[in-house]
Amino acid sequence: MVGLSLGEKHFIQGGIDQNLRSDGRKRDAYRPISIETGVIPQANGSARIRIGATEVIASVKAELGRPNALQPDKGKVAIFVDCSPVAEPMFEGRGGEELSTELSVALQCCLLGGKSGAGAGIDLSSLIVAEGKICWDLYIDGLVISSDGNLLDALGAAIKAALSNTGIPRVQVAAGASGDEQPEVDISDEEFLQFDTSGVPVIVTLTKVGRHYIVDATSEEESQMSSAVSVSISRKGHICGLSKRGSAGLDPSVISDMISVARHISEQLINKLDSEISAAEADEDEM
Amino acid sequence: MEFVNPEGLRLDGRRPMEMRQLRAQIGAVAKADGSAVFEMGNTKVIAAVYGPREVQNRSQQINDQALVRCEYSMANFSTGDRRRKPKGDRRSTEISLVIRQTMEECILTNLMPRSQIDIYVQVLQADGGTRSACINAATLALADAGIPMRDLVTSCSAGFLNSTPLLDLNYVEDSAGGPDVTVGILPKLDKVTLLQMLRNTTSITLLIQPYNVLERFAREYQTAGVSTWLVVHKKGIRAHIQAPTLAWLLLDFQLSSHHLKLVAYTGVATS
């Protein structure tokens, strides 16, 4: 909930028009990003990310389950987001539910593939243990601890970091089970498999304020937005997902312009995130 | 199951009277008026305080004191096995109430009439003792927000397993089913603000005797203006009365710029 005076609104909009935002950034600049991994020891993988005053935690938990009958060779991934009232009194009780659902859906369409599981950022076939019988179910939980705008990008980055921190125990399937029987499994305590996270996309949200669009908007800037386009882009430059928020209509040419800008920005963001993630993992190993 | 081995060590290597490692940090949530992260071993909670501010719901406004509200929530990933908990279930409503009553007692609410103070507590990791951890975190967050208080409440729990009193139970010890007492005290004023003993009751007759002792215990520490909160339900208690006397946890606060150094020491009153 942001209450701004008319003067403040003009100041924010004027700053964006002149490519000098209230906190001194340019339109295409992110706030400082810091990542910490392994913050939830009980999870298979976890990460906390701070972008300016926005802070989110993502955790990945893996459970053994049965693959879907229609896709016997693929595991399952579910993404849930929770907005803690700690971040904003507005999220008290059921107040955060609407935003939580909006963010969960946006993340699902940005990170997970279609119904068939094709095109997902996470390779679903690597989650299979015994085809048609046992697979890993990944539960990805995001928690918003402090909210100062740009939650979707932060959650996307936190999930990327948490996935690269994730170790899935190696599973031995006992041979001999035949037919419809559920085979016995032996879950290793020592051997963990790492994920290939190079295909996990990052999310870049471009927020349109006035005639211009900006990246990494703060909550003050978001309160002035007309619409926002979130693009998820993989390292190869492929667009993995697209969603638009806000009620104002956008000119199609502006959208394609936004996508190409987002693609350019994503390269820098991926490099920044990768170096932060490897630094965080190195820190964790030292501890 | 054996909770204390012959060498006198618990499952996690502590002595029966030993606390887990405490860590605290204030100013964790940038946008809140006051906030703190509090860790007791693997239990980790984050508390944020918003206010004193205008009352959001006019009908709840109190003309001679501040309205204190509290919401407790658990993250999906906070427990060992992941589950999605509905908001506002009975357990979290109860803990919210406990925290609210405990904090209300130490806030000088009469100094801030017609205003509202919100305390939000979020459990990031639950490994036993979340109630105590939440109260400690809420105290730190209130102090960080600069809200006038009588004293800083500190809380700790103790249990009784295999006829041994154990301080600061972790999840495994907590789920063993023995009695569990949570105490919150105002150390400088030497008053008890929270006293809660939880466990299933098997027999009413068993309940009466310990209740009397507990009440006497409570009255001893109860002074005007301090409400002692009693919940007693339990199973075979006589010996367990020792537990609350063990749960004296005093925290020394040294507020240095933005970090809190917590020195914890326990004064064990022998029974």
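Modeller: Buried residues of H5(A) are Met258(A), Ala262(A), Ile265(A), Ser266(A), Leu269(A), Ile270(A), Leu273(A), Ile277(A) and Ala280(A). Buried means 20 or more other C-beta atoms within 10 Å of the residue's own, exposed means 12 or fewer, and partly exposed is in between, with C-beta atoms placed from the backbone. Helices (H or I, at least four residues) and strands (E, at least two) are DSSP runs, numbered from the N terminus. This is a predicted model: local features need pLDDT of at least 70, side-chain atom pairs count only at pLDDT 80 or more, and totals for chains, interfaces and linings use all residues. Residues are numbered from 1 along each chain as its sequence is written, while chains are lettered from A and ligands numbered from 1 in the order in which they are written.

Biologist: Which residue is the kink in H5(A) centred on?

Modeller: The bend at a residue is the angle between axes fitted to the seven residues ending there and the seven starting there. In H5(A) there is a kink of about 25°.

Biologist: How far apart are the end C-alpha atoms of helix H5 of chain A?

Modeller: The expected span is 1.5 Å times one less than the number of residues. For the 35 residues of H5 (residues 252-286) that should come to 51 Å, and the model agrees, because the end C-alpha atoms are apart by 50 Å.

Biologist: Which strands and helix of chain A do the buried residues of H5(A) pack against?

Modeller: Contact here means C-beta atoms, placed from the backbone, within 7 Å. By that test the helix partner is H3 (151-165). The strands are S1 (33-37), S9 (202-209), S10 (212-215) and S11 (227-233).

Biologist: Which element gives the largest share of the side of chain B that touches chain A?

Modeller: 22 residues of chain B are in contact with 24 residues of chain A. Strands S3 (43-54), S4 (67-74) and S5 (115-125) of chain B each give two or more residues to that side. The largest share, 5 residues, comes from S5(B).

Technical notes. Contact = placed C-beta atoms within 7 Å.
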